[in-house]
Amino acid sequence: MEKQPRNKYTEEFKKRTVKYILEQSKTMPEIAGELDISAGLLHNWKQKYRSEIQAEIQTEVQASPDKIRQLEQQLRDMEAAKQKQDLENADLREELEILKKALHIFGKERN
């Protein structure tokens, strides 16, 4: 029987996988099947990187109020820009209607 070559996984891949494991409600065997990686290997990665990943997740959670404020400001800015565009569009529609009426009036044949 030939041995299959061992897969080499990057440190980044392992950390992302552990983060995925921690965020899921799935069992380790389910995730192992999904990723086609042995559950034992996933357990090893989880043991090795768990505390580091949990600290990163905690940092993300702590930073989220600032991120929320930033996103809210972006949303307000976008809404203001949209409102300005809507007003400009309404003005243009009104001008178009006036031009159509003028064209109709001046385009009539004189008897």
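Here is a quick look at the overall build of this chain and at its salt bridges.

A note on the model comes before the details. This is a predicted model, so to speak with rules attached: local features need pLDDT of at least 70, side-chain atom pairs count only at pLDDT 80 or more, and totals for chains, interfaces and linings use all residues. Residues are numbered from 1 along each chain as its sequence is written, and side-chain values use heavy atoms, with hydrogens and water left out.

**Overall build**

The chain has 3 helices and 0 strands, running α-α-α from the N terminus. Here helices (H or I, at least four residues) and strands (E, at least two) are DSSP runs, numbered from the N terminus. The radius of gyration is 30 Å, well over the 13 Å from the globule rule for 111 residues, so the chain is more spread out than a compact globule. That radius is taken over C-alpha atoms, and the rule is 2.2 Å times the number of residues to the power 0.38. Along its principal axes, the C-alpha trace spans about 100 × 45 × 25 Å.

Of the 111 residues, 11% count as buried; buried means under 20% relative accessible area, exposed over 50%, and partly exposed in between (1.4 Å probe, protein chains only). Among contacts with a separation of 6 or more, 60% come from residues 24 or more positions apart, a contact being heavy atoms within 4.5 Å.

**Salt bridges**

How many salt bridges does the structure hold? There are 4, each being a side-chain nitrogen of Lys or Arg within 4 Å of a carboxyl oxygen of Asp or Glu. The table gives some of them.

| Pair | N to O distance |
|---|---|
| K15 and E52 | 2.8 Å |
| K26 and E34 | 2.5 Å |
| K82 and D86 | 2.9 Å |

Take K15 and E52, whose closest N and O atoms are 2.8 Å apart. K15 sits in helix α1 (residues 11-23) and E52 in helix α3 (residues 39-107), so the pair ties together parts that are 37 residues apart in sequence. K15 is partly exposed at 21% relative accessible area, and E52 is partly exposed too, at 32%.

K82 and D86 both lie in helix α3, 4 residues apart, about one turn of the helix. Relative accessibility is 49% for K82, which counts as partly exposed, and 38% for D86, also partly exposed.

As for the K26 and E34 bridge, K26 is partly exposed at 33% relative accessibility, and E34 is partly exposed at 43%.
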